[in-house]
Amino acid sequence: MAVITTIGAGMMGSGIAFPACTNGHTVRLVGTPLDDKIIKYGKETGYHLTLKHDVNGTQTSFKMPEGVSFHCYDEFSEMLKGADILLCGVSSFGLSWFCENIVPLIPEDLPVLSVTKGMIDDGTGTGHLISYPEYMQCFSKKKLNINAVGGPCTSYELADHDPTEVAFCGKDPETLKWLKSIYETDYYHISLSTDVRGVECAVALKNAYALAVSLAVGLSHKREGRDFQHYNSQAALFGQASKEMEKLLMLFGGRHESLWFGIGDLYVTVFGGRTRKIGTLLGEGLNYDEAMEKLKGVTLESIVITGRTADAVVRLSESGLADISEFPLLMHIRSLLSENAKVDIPWSDFETDYFQA
């Protein structure tokens, strides 16, 4: 049986312990310096403080499965000893901390699996974005075996054993097959891909576009009240989001088949979570500053990836490498977030003629 050391006791870093423990493996859940309350609560009760599900209208914490132990950050070095896998469970806001403090400590022969989703500027000034695994490698002189997870999966539904299919991506097929054997269950199904940038790009973009699709939810609330939703507008925005995600995936060097994991992830994100909340509030008429004040204390990775992607497209268009007119929905979201603009969806800019010669 494998020993998995996880750094980051957030929701997905903790949620992915469930399929591993279902298969009889051991998970050492090590908190970052920001996770002390979660670790303390887990040590005292066996339950996770922030990983919750709805039971008859009440938010109830999950009891972590047998095989999970809780550890503070000062135990990390000890917990790294004897580990077969290092799981990166930090949020994108913790990426820099992870790269500076953890990556230099990773042995070359220890496979890494990351659930942190996002893209980051490659540092060349051209506007090109790279995946987080590629960025992590920049912080080590060793050749690390960094793999990542992408696809439609919320942490609380994974803990609830609701079936889904995700992708494990990495450069070494044999490592991917081994990781799949550790984690795959009858509710956690895993496809494998060597297209790291493609998978990671696709599932990162879903955060930006889930915010966009959620605007329609807020617009319906504004017109009809909170008990009502229109689905035409949501579906149309979902279609435009899918179109723009495909173009961006190709622009950043991904393969076409990786898009499907992002589309699935887009669907599940639209229907729940923090990104839906910010999109809905903007659609209801709040500007960005007002919406963020209402969501004070909530971390929103969608804001980070939206800003990075939109800025990258602007820089690439200035260099003649992208056509900004192909991304009207992304540019509208950019104006909402950076200019405090009000929602005015550019519907006519979505229209395209598909004439066969």
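How many residues in the lining of the largest cavity are nonpolar, how many polar and how many charged? The lining divides into 7 nonpolar, 2 polar and 1 charged. The model open in the viewer is a predicted one.

To see this cavity, select Met12, Ile16, Val115, Lys117, Val149, Gly150, Gly151, Cys153, Val166 and Tyr188, which line it. The space inside is about 70 Å³. The count of cavities of 30 Å³ or more comes to 2.

Keep Lys117 selected and go on to the second largest cavity, which has Lys117 in its lining along with Ser92, Gly118, Tyr132, Asn207, Glu301, Val304, Ile305 and Arg308. Its volume is about 40 Å³. Show helix H14 (residues 301-318) as well: this helix gives the most to the lining, with 4 residues. By class, the lining has 3 nonpolar, 3 polar and 3 charged residues.

From Asn207, step to Thr269, which touches Asn207 and also Lys206, Ala210, Thr275 and Arg276. Thr269 sits in helix H11 (residues 259-270). Thr269 counts as buried because its relative accessible area is 8%, under the 20% cut-off. The side chain of Lys206 makes a polar contact of 3.2 Å with the side chain of Thr269. The backbone oxygen of Asp265 is 2.7 Å from a polar atom of the Thr269 side chain.

The last stop is the second largest pocket, with a volume of about 230 Å³. Select Pro133, Glu134, Gln137, Lys143, Leu144, Asn145, Ile146, Lys171, Asp172 and Val196 to show its lining. Helix H6 (residues 132-137) contributes the most, with 3 residues. The lining has 4 nonpolar, 2 polar and 4 charged residues.

Methods:
Residues are numbered from 1 along each chain as its sequence is written. This is a predicted model: local features need pLDDT of at least 70, side-chain atom pairs count only at pLDDT 80 or more; totals for chains, interfaces and linings use all residues. Side-chain values use heavy atoms; hydrogens and water are left out. On a 1 Å grid over the protein atoms alone, a cavity is a set of points where a 1.4 Å probe fits but cannot get out, and a pocket is an open set with protein on both sides within 12 Å along at least five of seven lines; lining residues have an atom within 4 Å of a point. Grid points are joined across faces, edges and corners, and a volume is the space filled by probe spheres set on the points. Helices (H or I, at least four residues) and strands (E, at least two) are DSSP runs, numbered from the N terminus. Ala, Val, Leu, Ile, Met, Phe, Trp, Tyr, Cys and Pro count as nonpolar, Asp, Glu, Lys and Arg as charged, and the others, Gly among them, as polar. Buried means under 20% relative accessible area, exposed over 50%, partly exposed in between (1.4 Å probe, protein chains only). A polar contact is a pair of N or O atoms within 3.5 Å; within protein, one must be able to donate a hydrogen and the other to accept it, and residues adjacent in sequence count only if both atoms are side-chain atoms. Contact means heavy atoms within 4.5 Å. Lists of a residue's contacts leave out its neighbours within four places in sequence.
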